[in-house]
Amino acid sequence: MNKKTFKYAFKTCVPVILGYLPSGFAFGLMISAAGCSLFTAVIMSVVIYTGAGQYLAVDFIKNNSAYIAIAVSTFLINSKHLFYGLSMLERYKGSGFKKLYLIFGLTDETYALLTGVKCPDSIDQRRFALAVTAINQSAWVTATFFGALLGTAVSFDTTGIDFAMTALFLVIVTDQLKTYKTKYPFVIGALSALAALLVLGRDNILLGGAAMSVAALILLRKRIENDGR
Amino acid sequence: MDGKKLFISIIIMSLVTFSTRAMPFLLFGRGDKPAPIILFLGKYLPPALISVIIIYCYKDIDLMGAQHGIPELLAAAVTVGLHLKFNNTMLSIFAGTIFYMLMLRFI
């Protein structure tokens, strides 16, 4: 990695770093409030590396959730990633360990930077992508470390800190309500979750709600596509 | 959650997260086009799922309890209100969370 590529990548990453520092820090605080060690917190950010999914993991750990519930919920919350790769097929062509890392590190923000920022011709595209991915994850892991360090070293009352997760999702849904022309998906999701809560109980809101959402979306596909145009 | 279960859970979350990111490369790496229904779900499933997750976040509220879920709902209003006004993700999340933590302690 030459200096020029790294410098340009770092400059590109600044907005994401500024976002990852507080949210990684909040994850560190939450996961240590759930009783996990500093080591566990950092390992999670190294090997899982997904914002919303790791916030949800705090809840799984607190509730001692079943493996299958963890697997399916993690899959669903990350299902948007299924589509990020589609626009990276060409760019990430080739093979090897570097490609695996590029795919592993394809978070919302990394995807947004790599598709949104024009990389100068004088810089190697692949090295640039690798640098951006690694810099972003470093910020996430570092922030997790300090959050968990503070959470485990200083014993202060963190009751309510887990509202950060709810707040994150509220912010996401507010942004989505502005971008999506059709509001059907939101109504479908909320009603499916409520139906799952009433019929299947509190432990099955995510699974039941997601399954019903998929079914309802497919049933109302024509209407949603017309409304979304 | 005990140590062994935590360890296995982290491995599961890691593998599942990676698989969602790797899937398009495995399925469409040779130039096959995804089916329209997949593209449709790709576009409209995320907002539906976020709505599901928000209901999930509120599952522990006891409407009949001492606080009737008022702190949770007010903190949500603060978070969304700030976000609509300033459009700054971190400000909205932190201010909403601190507001919530203060409410739990002083109300």
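## Chain A: overall build

Of the 229 residues in chain A, 46% are buried. The model is predicted. Chain A holds 12 helices and zero strands. Along the sequence, the pattern reads α-α-α-α-α-α-α-α-α-α-α-α.

The radius of gyration of chain A is 19 Å. A compact globule of 229 residues would come near 17 Å, so the value for chain A agrees with that rule. Along the principal axes, the C-alpha trace of chain A spans about 60 × 50 × 30 Å. Take the contacts in chain A with a separation of 6 or more: 77% of them join residues 24 or more positions apart.

## Domains of chain A

Chain A is divided into two parts: domain 1 covers 3–153 and domain 2 covers 180–228. Taken over C-alpha atoms, the centres of domain 1 and domain 2 of chain A are 28 Å apart.

## Two buried positions in chain A

Is Ala41(A) buried or exposed? Ala41(A) is buried, because 27 other C-beta atoms lie within 10 Å and the cut-off is 20 or more. Ala41(A) sits in helix H2 (residues 38–47) of chain A. Neighbours within four places in sequence aside, Ala41(A) contacts Gly28(A), Ile31(A), Ser32(A), Cys36(A), Thr144(A) and Ala148(A). Leu149(A) is 108 residues away from Ala41(A) along the chain, yet their C-alpha atoms are separated by 9.4 Å.

Tyr111(A) belongs to helix H7 (residues 108–116) of chain A. Tyr111(A) also counts as buried, because it has 20 C-beta neighbours inside 10 Å and burial calls for 20 or more. Beyond residues up to four places away in sequence, Tyr111(A) touches Tyr84(A) and Leu106(A). Tyr111(A) and Gln137(A) are 26 residues apart in sequence; C-alpha to C-alpha, the distance is 13 Å.

## Chain B: overall build

Chain B has four helices and zero strands. Its pattern along the sequence is α-α-α-α. Buried residues account for 36% of the 107 residues in chain B.

How does the radius of gyration of chain B stand against that of a compact globule? Chain B has 20 Å, whereas a compact globule of 107 residues would have a value near 13 Å. The C-alpha atoms of chain B fill a box of roughly 60 × 40 × 25 Å along the principal axes.

## Helix H2 of chain B

Helix H2 of chain B runs over residues 36–57, 22 residues in total. At 1.5 Å a residue, H2(B) should span 32 Å. Its end C-alpha atoms are 32 Å apart, so the span agrees with expectation.

Where does H2(B) kink? A kink of about 40° lies at Leu45(B), shortly before the proline Pro46(B).

## Where the chains meet

The contact between the chains involves 70 residues of chain A and 54 residues of chain B. Which helix gives the largest share of the side of chain A that touches chain B? That is helix H9 (residues 163–179) of chain A, with 13 residues.

By class, this side of chain A has 47 nonpolar residues, 19 polar and four charged.

Methods. Residues are numbered from 1 along each chain as its sequence is written. Chains are lettered from A and ligands numbered from 1 in the order in which they are written. This is a predicted model: local features need pLDDT of at least 70, side-chain atom pairs count only at pLDDT 80 or more; totals for chains, interfaces and linings use all residues. Two residues are in contact if their C-beta atoms, placed from the backbone, lie within 7 Å. Helices (H or I, at least four residues) and strands (E, at least two) are DSSP runs, numbered from the N terminus. Ala, Val, Leu, Ile, Met, Phe, Trp, Tyr, Cys and Pro count as nonpolar, Asp, Glu, Lys and Arg as charged, and the others, Gly among them, as polar. The radius of gyration is taken over C-alpha atoms; the globule rule is 2.2 Å times the number of residues to the power 0.38. A residue is buried if 20 or more other C-beta atoms lie within 10 Å of its own, exposed if 12 or fewer, and partly exposed in between; C-beta atoms are placed from the backbone. The expected span of a helix is 1.5 Å times one less than its number of residues. The bend at a residue is the angle between axes fitted to the seven residues ending there and the seven starting there. Domain bounds come from an automatic or database domain assignment.
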